[in-house]
Amino acid sequence: MRIVILTGAGVSAESGVPTFRDADGLWEGHHVEDVATPEAFERQPGVVHRFYDERRAALSLVDPNPAHVALSRLQAAWADDVFLVTQNIDDLHERGGSVHVHHMHGELRSALCRGCGDHVRWLTDLADYPPCPGCHATELRPDVVWFGEIPYGMDLIQMQLQRCDLFVSIGTSGAVYPAAGFVQFAAAHGARTLELNLDRSEGTSLFDEARHGPAGRLVPAWVDELLADISG
Ligand code: BJW
C-alpha cells in the first residue's frame, strides 16, 4: 500500500509553533496573507524579514511532539511507500526522525538568493542583509513559498498522489491551494482519504473518513492501528 501524508501547521501546534488561522494565529496583528507575499516583501522587506527571523530563532526553543515521531516510525516501517509532504517550514519532522520530507512551502533554515538563485542553508537572521555565500549579492530572502508563487516539487507531488492508495491529511485547515486540492486529486485517482485534525476543517466533507482531536494523540494511535493491520 502506498501512502501520501500531507501535514500542516496543526502537526506542530503541540510543539508550541503557532498555527496561522487559529485564534492566536496572528503575528503582531498581521494576518499571514499580509506578510507572506512577494508584494509585502517588496514594500516592507524589514517587516517580512523580522517575521521569518523570529520564527527561525524560535525553532531552537521547540521540540518534535509524538505526532512527528509516530510519522517517522511509520516511514521507517514502511520504507519507500510513505511520501511525507509538509506545508510547514519548520524542521520538526526531520528532528522527529523522518529522513525524507518534501517541504512544498520551503524551509526556515534555508535562504534563497535573488541574485544567483542558490538555495543556502541558513540558521541566523536575514534582516541585516548578509551577502550570499555564492555570489556575494545582498539579495537573500527567506526560502519559502509565498502567495502567488509556485510550491516546490509539484510534479513529484502529483505523481505521488496519482499512484497512492491512501491519502492522509494532518493538521491543515484546507484553506490554501494547491494543498487543499490534494484530497480531491488523490480520490479521483482511486485513493482512500483520511483527515486527522483538531476539529472540522474547510475540507472535511471531501474525505472518506475524518477523525478529530489533537495530532499528538490521533497520529500515534493511527500509526499503531496501521502497523498492526499490516503485521496481522
Ligand atoms: C490541529 C492542532 C492540533 C490546530 N492537532 N490539528 C482561490 C481559489 C483557489 C486558489 C486561490 C484562490 N485565490 C488565490 C489562490 C491561490 C493561493 C491560495 O490558496 N489562496 C487562498 C488564501 C485561497 N495559493 C497560492 O498562491 C499558492 N500558489 C499557487 O497556487 O501557485 C499556482 C500553482 C500551483 C500549483 C501548480 C502550478 C501553479 C502558494 C501558497 C503559499 C502559501 N504560503 C504560506 C506561507 C509559507 C511560509 C510561511 O510559513 O510563512 O504557507 S501561507 C500559510 O498557509 C503557510 C501554510 O503552509 C499554509 C497552510 O496553513 P495550514 O498549515 O493549513 O495552517 P492553518 O493555521 O490554516 O490550519 C491549522 C489547522 O490545524 C487547523 O485546521 C486547526 O484546527 C488544526 N490544528 N492545532 C491537530 N493540536
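Q: Which residue stands opposite Phe167 of strand S7?
A: In this predicted model, strands S1 and S7 pair in the parallel sense over five bridges. Within S7, Phe167 and Ser169 point one way, and Leu166, Val168 and Ile170 point the other way. The residue that stands opposite Phe167 is Val4.

Q: Which residue of S8 is the bridge partner of Ile170?
A: Strand S7 also pairs with S8, in the parallel sense and over five bridges. Ile170 points the same way from S7 as Leu166 and Val168. In S8, its bridge partner is Leu196.

Q: Why is S7 described as largely enclosed by the rest of the structure?
A: A residue counts as buried when its relative accessible area is under 20%. The residues pointing either way from S7, such as Val168 on one side and Ser169 on the other, are all buried. S7 is therefore largely enclosed, because the number of its five residues that are buried is five.

Q: What is the order of the strands in the open sheet?
A: The sheet is open and has six strands, with parallel pairing. Its edge strands are S3 (102–103) and S9, each of which pairs on one side only. The order is S3-S2-S1-S7-S8-S9.

Q: Which residue of S9 does Leu196 stand opposite?
A: Strands S8 and S9 pair in the parallel sense over four bridges. Leu196 is also the bridge partner of Ile170. In S9, Leu196 stands opposite Arg211.

Q: What angle does the direction of H5 make with that of S2?
A: Helix H5 packs on the sheet. The strands that it touches are S1, S2 (82–86) and S7. The direction of H5 makes with that of S2 an angle of about 150°.

Q: What angle does the direction of H7 make with that of S2?
A: Helix H7, residues 154–163, packs on the sheet as well. It touches S1, S2, S3 and S7. Its direction makes with that of S2 an angle of about 135°.

Q: How far apart are the end C-alpha atoms of helix H9?
A: Helix H9 comprises the 17 residues 215–231. At 1.5 Å a residue, these should span 24 Å. The distance between the end C-alpha atoms agrees with this expectation, because it is 24 Å.

Q: Which strands are among the elements that cover the buried residues of H9?
A: The buried residues of H9 are Ala215, Gly216, Leu218, Val219, Pro220, Trp222, Val223 and Leu226. What covers them includes helices H1 (10–13) and H5 (66–78). The cover also includes the strands S1, S7, S8 and S9.

Q: Is Asn88 buried or exposed?
A: Asn88 lies in the loop between S2 and helix H6 (92–95). A residue counts as buried under 20% relative accessible area. The value for Asn88 is 6%, so Asn88 counts as buried.

Q: Which residue has its backbone nitrogen reached by the side chain of Asn88?
A: Leaving aside neighbours within four places in sequence, the contacts of Asn88 include Thr7, Gly8, Ala9 and His103. A polar atom of its side chain lies 3.0 Å from the backbone oxygen of Gly8. At 3.1 Å, the side chain of Asn88 reaches the backbone nitrogen of Ala9.

Q: At what distance does the side chain of Asp91 make a polar contact with that of Arg109?
A: Asp91 lies in the loop between S2 and H6, and it is buried, with a relative accessible area of 12%. Its side chain makes a polar contact with the side chain of Arg95 at 2.8 Å. The polar contact with the side chain of Arg109 is at 2.7 Å.

Notes. Residues are numbered from 1 along each chain as its sequence is written. This is a predicted model: local features need pLDDT of at least 70, side-chain atom pairs count only at pLDDT 80 or more; totals for chains, interfaces and linings use all residues. Side-chain values use heavy atoms; hydrogens and water are left out. Helices (H or I, at least four residues) and strands (E, at least two) are DSSP runs, numbered from the N terminus. The expected span of a helix is 1.5 Å times one less than its number of residues. Buried means under 20% relative accessible area, exposed over 50%, partly exposed in between (1.4 Å probe, protein chains only). Contact means heavy atoms within 4.5 Å. Two strands pair if DSSP finds at least two bridges between them. Axes are lines fitted to C-alpha atoms, for helices over the stretch in contact, and angles run from 0 to 180 degrees between N-to-C directions. A polar contact is a pair of N or O atoms within 3.5 Å; within protein, one must be able to donate a hydrogen and the other to accept it, and residues adjacent in sequence count only if both atoms are side-chain atoms.
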